[in-house]
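Let's take a walk through a protein chain together.

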Amino acid sequence: MPFSLVPDQVLDRYTDVTASMLQALGVRLLLCDLDYTLAPRSVREPDRTLTDWLSGLEAAGIEVVILSNNRSSRRVETFCSQLGIRYVGRAGKPSSRGYREAMALAGAPPGETAMLGDKLLTDVLGARRSGVRALMVEPLGGPVGSWNRFLHLLQEPFKQISKRRYRNHE
C-alpha cells in the first residue's frame, strides 16, 4: 500500500461514524483508539453515549476492537471490560503488528476493517501500513499539552486534503 498520511475521512467525533456508513464501505471490523478518540484520557468509565453507539454497531453486525498504545494495561483493560469488548493493548502503532493481531482476533481481513483514531502518526499511518481504511476524528477534550497542540497543528493540512477529497466524492 502506498505511503500516505491523508485519512480516508475526517469526522468531528466518533458518533459521526454510523453503522450504515460502515456497512456501505463493507466494514465489519472497526478498530478504535481509546484515548481522545472514544473518551478523554481523564475519563475513567464509559458514558451512556459510548455504550449506546457501540450497541448500535453491534446490532448491525460490526465488531469493535480497541487498539491502544496506552502504556497502562489497567486503563485499557478496565475500560474495555466495562464495555464488554476486546482490545489489543500496547499495540505499537504505527506498526502493523497490533492491527494484524486485532484483525486475527476478529477474523476480519484488511479490506473489511477500518481504524478510527485522532492522530496521523499513529492511527492513520498504522492503518495505511496495515491496508485498512483510516477514519480520523478531532480529539475529545481537545489536544492536551503543548506537544499535542503542536502535533494537531501539523495534522491540519492532511485533514484538509481529506475533507476536500471527501466533498468531491459526495
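What follows is a short tour, from the overall layout down to a few single residues.

## Before we start

This is a predicted model, so keep its confidence rules in mind: local features need pLDDT of at least 70, side-chain atom pairs count only at pLDDT 80 or more, and totals for chains, interfaces and linings use all residues. Residues are numbered from 1 along each chain as its sequence is written, and side-chain values use heavy atoms, with hydrogens and water left out.

## The overall layout

The chain has six helices and six strands. Here, helices (H or I, at least four residues) and strands (E, at least two) are DSSP runs, numbered from the N terminus. Reading from the N terminus, you get β-α-β-α-β-α-β-α-β-α-β-α. The radius of gyration is 15 Å, close to the 15 Å that the globule rule gives for 170 residues, so the chain is as compact as a globular protein of that length. That radius is taken over C-alpha atoms, and the globule rule is 2.2 Å times the number of residues to the power 0.38. Along the principal axes, the C-alpha atoms fill a box of roughly 40 × 40 × 30 Å.

How much of the chain is buried? Of its 170 residues, 48% are, where buried means under 20% relative accessible area, exposed means over 50%, and partly exposed is in between (1.4 Å probe, protein chains only). Now for contacts, meaning heavy atoms within 4.5 Å: among those between residues at least 6 apart in sequence, 68% join residues at least 24 apart.

## Two nonpolar cores

A nonpolar core is a set of buried Ala, Val, Leu, Ile, Met, Phe, Trp, Tyr and Cys residues joined through side-chain atoms within 4.5 Å. The largest one here has 29 residues, and Val 17, Leu 30, Trp 53 and Leu 116 have the most contacts inside it. Several elements each supply at least two residues of this core, including helix H1 (19-24), strand S2 (29-32), helix H2 (48-59) and strand S5 (113-117). A second, separate core has 19 residues, among them Leu 29, Leu 31, Ala 108 and Val 132.

Zoom in on Trp 53 for a moment. Which residues does Trp 53 touch, not counting those up to four places away in sequence? They are Tyr 14, Thr 15, Val 17, Leu 30, Cys 32, Leu 38 and Leu 116.

## The loop between S2 and H2

Ala 39 sits in the loop between S2 and H2. Is Ala 39 buried or exposed? Its relative accessibility is 3%, so Ala 39 counts as buried. Leaving aside neighbours within four places in sequence, Ala 39 is in contact with Leu 34, Arg 75, Phe 79 and Leu 140.

Tyr 36 lies in that loop between S2 and H2 too, and Tyr 36 is buried, with a relative accessible area of 12%. Its phi is near 75°, a positive value in a residue other than glycine. Most residues other than glycine have a negative phi, and most peptide bonds are trans.

## The loop between S4 and H4

Now look between strand S4 (87-88) and helix H4 (97-106), where you'll find Pro 94. The peptide bond from Lys 93 to Pro 94 is cis, with omega near 20°. Arg 90 is also in the loop between S4 and H4. Phi of Arg 90 is positive, near 45°, and Arg 90 is exposed, with a relative accessible area of 53%.

## Around helix H5

Helix H5 (residues 120-130) is mostly covered, with nine of its 11 residues buried. Among them are Leu 120, Asp 123, Leu 125 and Arg 128. After H5 comes Gly 131, whose phi is positive, near 80°.

In the loop between S5 and H5 you'll spot Lys 119, which is buried at a relative accessible area of 18%. Lys 119 and Met 136 are 17 residues apart in sequence, and their C-alpha atoms are 7.3 Å apart in space. Leaving aside neighbours within four places in sequence, Lys 119 is in contact with Tyr 36, Val 124, Met 136, Asn 148 and Gln 155.

## One last stop

Gly 141 lies in the loop between S6 and helix H6 (145-169). With 68% relative accessibility, Gly 141 counts as exposed. Gly 141 and Ser 42 are 99 residues apart along the chain, and 9.2 Å separates their C-alpha atoms.
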